[in-house]
Amino acid sequence: MRETETLLQSERKAILALCFVYGLRMLGLFFIMPVIVYDLQDNDPLNVGLKAGFVIGAYGITQAIFQIPFGMLSDRVGRKKIIAIGLVLFTLGSCIAALAENVYWLIIGRAIQGCGAIASTLLALVSDLTRVEQRTKSMALIGVAIASSFGLALLIGPI
């Protein structure tokens, strides 16, 4: 009985920590959305659409490129090391995006953010740290963290 309680407690701590990491990362990612709309206002709607598309797409394409290699590498060197590397890359990209003075630097920053592709590694770590019976709840909590960070970013981002 005592061992089960300890296991549940360690699972809870791990999931809450991962939700925090995931949510904070997504918050940083979503903060840019209101800024894109505000900063890229232009008289030419096509130009605004292209710029916004590149800003958003740069993250997605690098995320798609690095997701599988990071996942495979996490199997070899450890999930926590890859998560740390991914967070460093994401932070570097966030700093570049935050300091961007034009759309081109913003695109570069977003591309570097995407290079920190750790979503698959975080989910694999969730799988490693939880029992099968608790996995669905754990994934749901991560979903709540993502949704909450999106809503919070839309509220705080314009400020």
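Visitor: How many helices and strands does the chain have?
Guide: The chain has seven helices and zero strands, and from the N terminus on its elements run α-α-α-α-α-α-α. Helices (H or I, at least four residues) and strands (E, at least two) are DSSP runs, numbered from the N terminus. This is a predicted model, in which local features need pLDDT of at least 70 and side-chain atom pairs count only at pLDDT 80 or more, while totals for chains, interfaces and linings use all residues. Residues are numbered from 1 along each chain as its sequence is written, and side-chain values use heavy atoms, with hydrogens and water left out.

Visitor: What percentage of the residues count as buried?
Guide: Of the 159 residues of the chain, 35% are buried. Buried means under 20% relative accessible area, exposed over 50%, and partly exposed in between (1.4 Å probe, protein chains only).

Visitor: On to H4. What is its span?
Guide: Helix H4 covers residues 79-99, and its 21 residues reach 30 Å from the first C-alpha to the last, close to the 30 Å expected at 1.5 Å a residue. The expected span is 1.5 Å times one less than the number of residues.

Visitor: Which residues of H4 are buried?
Guide: Arg79, Ile82, Ile83, Gly86, Phe90, Gly93 and Ala97 are buried in H4. They cover an arc of only 95° around the axis, which puts them on the same side of H4. The arc is that of the directions from the helix axis to the C-beta atoms. An α-helix has 3.6 residues a turn, so residues three or four places apart point the same way.

Visitor: And which exposed residues are on the face turned away from that buried side?
Guide: That face of H4 carries the exposed residues Lys80, Lys81, Val88 and Leu99.

Visitor: Arginine 79 is on the buried list; what is its relative accessible area?
Guide: Arginine 79 has a relative accessible area of 17%, and is therefore buried.

Visitor: Which side chain does arginine 79 meet in a salt bridge?
Guide: One partner is aspartate 75, at 2.8 Å from N to O. A salt bridge is a side-chain nitrogen of Lys or Arg within 4 Å of a carboxyl oxygen of Asp or Glu. Aspartate 75 is exposed, with a relative accessible area of 55%. Arginine 79 also forms a salt bridge with aspartate 128, where the closest N and O atoms are 2.5 Å apart. Arginine 79 lies in helix H4 and aspartate 128 in helix H6, so this pair ties together parts that are 49 residues apart in sequence.

Visitor: Is aspartate 128 exposed or only partly exposed, and what separates the C-alpha atoms of that pair?
Guide: Aspartate 128 is partly exposed, at 46% relative accessible area. The C-alpha atoms of aspartate 128 and arginine 79 are separated by 9.6 Å.

Visitor: How many salt bridges does the count come to?
Guide: The count comes to four salt bridges. Another of these joins glutamate 11 to arginine 131, with the closest N and O atoms 3.0 Å apart. Glutamate 11 lies in helix H1 and arginine 131 in the loop between helix H6 (119-129) and H7, so the pair ties together parts that are 120 residues apart in sequence.

Visitor: Buried or exposed, what is glutamate 11?
Guide: Glutamate 11 counts as buried, at 3% relative accessibility, whereas arginine 131 is partly exposed, at 23%.

Visitor: New topic: which residues line the second largest pocket?
Guide: Its lining consists of Leu8, Glu11, Arg12, Ile15, Leu16, Gln134, Lys137, Ser138 and Leu141. On a 1 Å grid over the protein atoms alone, a pocket is an open set of points where a 1.4 Å probe fits, with protein on both sides within 12 Å along at least five of seven lines; lining residues have an atom within 4 Å of a point.

Visitor: What volume does the second largest pocket have, and which helix supplies the largest share of the lining?
Guide: The volume of the second largest pocket is about 160 Å³, taken as the space filled by probe spheres set on the grid points, which are joined across faces, edges and corners. H1 gives the largest share of the lining, five residues. Helix H1 (2-30) and helix H7 (132-156) each supply at least two.

Visitor: Which residues of H7 are buried?
Guide: They are Ser138, Ile142, Ala145, Ser149 and Ala153.
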